[in-house]
Amino acid sequence: MVIIVFFALAVICTGAVLGMIFSRNQATSALLLVLAFAALGGLFGLLGAPFLAVVQVIIYAGAIMVLFIFVIMMINMGQGIAPEKKKGIIVLACAMAIVLLIELVFAGRGSLPGAGVTGPGVTPTDLGRLLFTTYAYPFELTSVLILAALVGAIALVKKREP
Amino acid sequence: MTVPAGYFFVLSLVLFVLGIVAFFVKRDLISQFMAIEVMLNSANLAFLALARQAHFADAQVVVFFIITVAAAEAAIGLAIVLVIFRRRKSIRTADLNSLKG
Amino acid sequence: MRDLFWLIPFPPAASALALILFGRFLSRKWVTIQACGSVLVSFLLSIFSFAGLFGSAGESLPWIKILSPWIKAGAFGADFGFQFDPLSAVMVLVVTGVGLLIHVYSVGYMAHDKGYTRYFAYLNLFMFAMLLLVLASNMVLMFVGWEGVGLCSYLLIGFWFERKSASAAGKKAFIVNRIGDAGFLLGLLFLLTIVGSSDFTAINGAVRGGTIGGGLATLIALLLFVGATGKSAQIPLYIWLPDAMEGPTPVSALIHAATMVTAGVYMVARLNVLFGASGSAGDVVAIIGAATAVFAATMALTQNDIKRVLAYSTISQLGYMFLGCGVGAYAAGVFHLATHAFFKSLLFLSAGSVIHALSGEQDMRKMGGLRKYLPRTYPPFLVGAIAISGVPFLSGFFSKDAILTSAFAQGKTILWALGLAGAIMTAFYMFRLIFMTFHGPERISEEAKSHLHESPKVMTVPLAILAVFSIIAGYVGLPAILGEKADLFRRFLAPVISPAAEARALSIGAEGLLILASAGAAFLGIFVAYLFYIRSPHLPQALADRLPFVHKLLYNKYYVDEAVGAVVIRPLIRGSDLVYSGFDLKVIDGAINGSAAAAGFFGKALSFLQTGFVKDYAFAFLLGVALILGVFLF
């Protein structure tokens, strides 16, 4: 039963990314990506990370992708931009990507076999305890990071007074 | 029937390579940025899968931080895209070639 | 009391800092008050601490105060700490006492100088460094003070830096001292390597415990002594001190007579356990000391510059101190250090008063008959001359006699004879100076005569105080002939001086004879000077004509400066030129210019790869990752 869910999510995810590659409209790409990230959230859930699954859907598929769509709206590209037409680049890139894929599979071959994922995952309670005990300090630091990003983004985009 | 962690790992690799291909196929900054996000998420998936196999709970905290950093990165990255668009009136990467000495 | 001694160096330090940072905003009056006041505070603290030593009978010496850890590196460490014991007490009292008087004197001497604030800033900085040197509880911190006084010496010799000779003299002093410091540093590193600590207590413990002994002790002691010959102007590194007279006269009195140049003696006395553990090191110290005492005295005989006579005299007297330390009479050496500080600074300051009165004239051939013009300068000058000559019942007599007696008692008869010969010459050249300056016909230029004036009170009062001390300071260290308990000074220093280092057995008769010999030497020298310069003034010229070679040799100071120039400096300059034009310009510069050109060439050649398109960069990135991963995997 679980394996069916896994394959369904994997197919949705891969398909969405493939669709994004071939679409010429940025808004379509972004919406396909929302689908892909949502599916990834489901996969996180299968891996026993319910909290991260929810975070993935809310933050990534929600907030970040909305940000993308905002920017796409502001930069109105009209007809959109067709994918690369030069065959050379695509062939080269695909060749390199396949080489890299082979290398990566080879590098991770030790973890390929193995029993199925079982047992309870990490509950939100456990995660919260970890965050506020062992990782309290980095956790507080992330707030500084986000604040810095906020200020930076505003400073970048703000129109200079003439 | 349960799913072996290796399946998740292979899926993450496939997604990663698709991200690379997307980066080269796309011709505008925003889409290339989205391709990078795909790669980042595939890395998260690999991380979670391998951690699950090794029964390492702290990995989830790390992934949590990665997502946070990614949010900050997206905000800054998109701001940069906007600034470039304002200055150059274009986000086609073919038009942008001043990044050289 | 015992909690306060570590504060002693800091008032001058604070004052120096304030003068350097804010000096330009301060009025002259405030500068004066602050500079002298800070030294006064140090002096009072020194007296309190000194008094505390007497109230602490039975307490363990030395008092140690660690302010903070300083260096911790592997097996060795050094603390920022001070220690106080009778030896430090003597040094601190001399440094702050004489230093205070010289500060006050300088107020008058430097009154018309435009660098007034700068002068007092340096002088205060010097006081801090010197007090650091004598109070440090380990050799590393002592080395900081050692270098600090060297720096201040350099700054103050070159104080009138617009005069080329002054800045050259400053550099000479600095460089010659560097040579000595190299030896000091080597010795220090040996100690650190072997003992693992540079605390004086640890060093003494290591020597007593046998960790350092025999040849090793000799090696370390001699290396440290090389540093002492540099700082204390002994053969062969004495050549900087005569030139150092380019500095203002109070500086010569403070740094180049009373305090800094005695740092070498202090160091040897402080490490008396180490020097005592090695017989041959002591011999070397004694021989160098005696040789310097005589050698410098002969050079002083024919000098005509009033300050240079005193400079050679200082070198000679420092030789006596090392002679004392070398024969194991550390107490006598330190005793001479203290008395010498009084009468030599007195002589320098009086000479400064003379120079001041004559508007900067230093040539004794253009003086003469000044006695009636300088009624307040003449008596102290005379007292100083009598004291240094070794006339009985003044301080110089007791201390010099203690050294010579110890040398004789140790069986070093030749060294004793050399010392005695030096004593005769000392009396001669000092009274030659007195007679040429204050007696006889007036040879003053008309211009100088029109400005001739006695110095102000602020200069003559310190002279009077120093004169009093030059007379009475000797009575704390009476010779053993007057009873076992007469030598208060030696008994005071006893906790610091290793008892085995000093052993003497002289009959009362023998000691009496030695004292008579010392006194006789003084009177003989004075009499010859009287004969030469008052009774029959043509005699010196006649003697010079009879012995032209000797006179020329002495007058030109044995041509040592010329020899050093020919043997060391000129080859060094020529060799450096050769290396510069041959190696530096061609090889080093060639290599650097060549590599720059190569970088430019390859940069141009490869710049076609830099297209500016982000995809090309990303592709290069991807290629690189794939390659590196491949290398790691296969």
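These legends accompany close-up views of a predicted model. Local features in this model need pLDDT of at least 70 and side-chain atom pairs count only at pLDDT 80 or more, while totals for chains, interfaces and linings use all residues. Residues are numbered from 1 along each chain as its sequence is written, chains are lettered from A and ligands numbered from 1 in the order in which they are written, and side-chain values use heavy atoms, with hydrogens and water left out.

**View 1. Chain B on its own.** Let us start with chain B, which has three helices and zero strands, in the order α-α-α from the N terminus. Helices here are DSSP runs of H or I with at least four residues, strands are runs of E with at least two, and both are numbered from the N terminus. Of the 101 residues in chain B, 60% are buried, where buried means under 20% relative accessible area, exposed over 50%, and partly exposed in between (1.4 Å probe, protein chains only). Among the contacts in chain B with a separation of 6 or more, 55% involve residues 24 or more positions apart; a contact means heavy atoms within 4.5 Å.

**View 2. Where chain B meets chain A.** Here 67 residues of chain B are in contact with 83 residues of chain A. The area buried between them is about 6,900 Å², and carbon and sulfur atoms give 80% of this; buried area is the accessible area (1.4 Å probe) that two parts lose on being put together, summed over both. B:Met34, B:Arg52 and B:Gln60 supply 10% of the area that chain B buries against chain A, more than any other three residues. The elements of chain B giving two or more residues to this side are α1 (5-25), α2 (29-53) and α3 (58-88), and α3(B) gives the most, with 23 residues. By class, the side of chain B that touches chain A has 51 nonpolar, eight polar and eight charged residues. Ala, Val, Leu, Ile, Met, Phe, Trp, Tyr, Cys and Pro count as nonpolar, Asp, Glu, Lys and Arg as charged, and the others, Gly among them, as polar. The count of salt bridges between chain B and chain A is zero.

**View 3. Where chain A meets chain C.** This contact takes nine residues from chain A and ten residues from chain C. About 880 Å² is buried between the two chains, with carbon and sulfur atoms giving 84%. Zero salt bridges are counted between chain A and chain C. On the side of chain A that touches chain C there are seven nonpolar, no polar and two charged residues.

View 4. A salt bridge is a side-chain nitrogen of Lys or Arg within 4 Å of a carboxyl oxygen of Asp or Glu. C:Asp85 lies in the loop between β2 (76-84) and α3 (86-109) of chain C, 185 residues from C:Arg270, and both residues are buried.

**View 5. Salt bridge between C:Lys172 and C:Asp561.** The side chains of C:Lys172 and C:Asp561 pair at 3.1 Å, N to O. C:Lys172 sits in helix α6 of chain C and C:Asp561 in helix α25 (residues 560-606), 389 residues apart. C:Asp561 is partly exposed, with a relative accessible area of 32%. Salt bridges that share partners join C:Lys172, C:Asp243, C:Arg308 and C:Asp561 into one network.
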